[in-house]
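Trainee: Can you walk me through this one? I'd like to talk about side chains and how they pack.
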Amino acid sequence: MTTVIAANSQRLLPSGPTLLCDYLPPCLQLDDGGSRCTGFDPYDGSPGRGKRQGHRCCAAGTGLVRPCCTEEISMLLTETDDLARFVAERGTGKIRKARYDAAFAKFKKAVSGMKISSGHKSRCLTAGFGPSRSYLYDFKTYHPSLYLNDIERRMTQLINGRYAIVFHDKMLTSQVLDAYADVPTVHAFSKKGRVEFWSPEFLRLASQDSAEMTIFMKPVNGAGGKGAMRFKVRGGLVETDGRMIPAKEYIEDLAASRKDLVFLHCLEQSSFMNSLNPGSINTVRLLSMRDPETREIFVPRGVVRVGNKATGPVDNFSSGGYAYDLDTETGIIGRGQAKKDKTAAKIQGHIDDPDRRIEGLRLPDFDRVLKQAITLHECLPFANYIGWDLCLREDGISVIEANNTTDVDVIQMHGPLLTDERVSRFYRHHHII
């Protein structure tokens, strides 16, 4: 079989007279020589009950394979030896193989616990994509090989090597970044159920009858906004269950009942970000990379994350928040999407006011936001890969978190990462693809 390189991806794809449907099982082929396919149920693995989608399987004149209907057809393709290597063997080096095997073991464990059919689990493991990708990713337009799959996403945790701890530990992250950026003040820190640190500012404000502050609590090693909460301190007291208790006592009780925690000063976001959803701190997520050849920092993709009533004080996509595409060249906000269900509801405005459009607006002060991420990354020469969560305030920009990796689904649902040659080169250098 002859091969062709997909534009900007360096992926091997079939070309010539062979069509994608030539690899489909007979139940999915039509009588027209295999140039089209039937529908396919993405969850039970059965044919689409007689429905014919009629999608062309190859981009005309390009020789590039396009999946016809859903992720499941893409997964079916990997059951053949020829096509399996396009997804499961992106690199053949020993380093990449060892990392892939380790990441695959964790992915397999995660998939085995999912409430889906055994056939569906098998196809997920073969292709490297979790079941939600069938409605989050645009497999009808882009070949699966242009997406960083879920196994490879796990492998990105190794890019920063031993310095990953700087980003895993939220207390350590805050202390490191405090020298270069505006970060939320750490008011308290607990370890193994005991508060180990109180900030002088907290102790001062907690002793004043007229003082008021809002505190944001989250697990030191947490992710996805899980375990986070927000509470107010008025006159040194916190209201809970209809009674007022001293703030120190309240924090000590929280620390005793949970794992390691960090208590931060809750920031006030800009009027624009607050208008998106006043109930949460809405942030800008930017993915920055260090070019392996020039050592320069570049930011290929970004999103604007917005919380809602379901997510509480956080805006995390994995917790039910909304994510809007953000053009890192212009700062223009694109379409929004939520990880709700198989419909992956697409929105154009405020979650509670769908008539208010924010798609097409330019993020205020975007140039400074982009420069902030690049400058901060340059200050951390030991890091090659960072996912920034930035809070836009009226008088500046604060770093909420710097992450060792990023949930690529929140980015790739707006388009695959590997269509950008800079990104592909970066991941190849670090043995991810």
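Mentor: Let's start with a term: a polar contact is a pair of N or O atoms within 3.5 Å; within protein, one must be able to donate a hydrogen and the other to accept it, and residues adjacent in sequence count only if both atoms are side-chain atoms. This is a predicted model, where local features need pLDDT of at least 70, side-chain atom pairs count only at pLDDT 80 or more, and totals for chains, interfaces and linings use all residues. Residues are numbered from 1 along each chain as its sequence is written, and side-chain values use heavy atoms, with hydrogens and water left out.

Trainee: OK, so which backbone oxygen lies 3.0 Å from a polar atom of the N404 side chain?
Mentor: That's the backbone oxygen of Q157. The N404 side chain also has a polar contact of 2.9 Å with the side chain of N160.

Trainee: Where is N404, and is it buried or exposed?
Mentor: N404 sits in the loop between β20 (396-403) and α13 (408-412); helices (H or I, at least four residues) and strands (E, at least two) are DSSP runs, numbered from the N terminus. N404 is buried, at 3% relative accessibility. Buried means under 20% relative accessible area, exposed over 50%, partly exposed in between (1.4 Å probe, protein chains only).

Trainee: Switching to rings: how many aromatic pairs are there?
Mentor: The count is 14. Rings of Phe, Tyr and Trp (its six-membered ring) pair if their centres lie within 6.5 Å; planes under 30 degrees apart are stacked, over 60 edge-to-face, and the rest tilted. Y137 and F139 make an edge-to-face pair, 5.9 Å centre to centre with 80 degrees between the planes. Y137 is buried at 4% relative accessibility, and F139 at 3%.

Trainee: What about Y385 and Y427?
Mentor: Edge-to-face again, at 6.0 Å between centres and 70 degrees between planes. That pair links distant parts of the chain, with Y385 in strand β19 (residues 385-393) and Y427 in helix α14 (residues 421-429), 42 residues apart. Both tyrosines, Y385 and Y427, are buried.

Trainee: And which residues have the most contacts inside the largest nonpolar core?
Mentor: M289 and Y427, in a core of 35 residues. A nonpolar core is a set of buried Ala, Val, Leu, Ile, Met, Phe, Trp, Tyr and Cys residues joined through side-chain atoms within 4.5 Å.

Trainee: Which element gives the most to that core?
Mentor: α3, with 4 residues.
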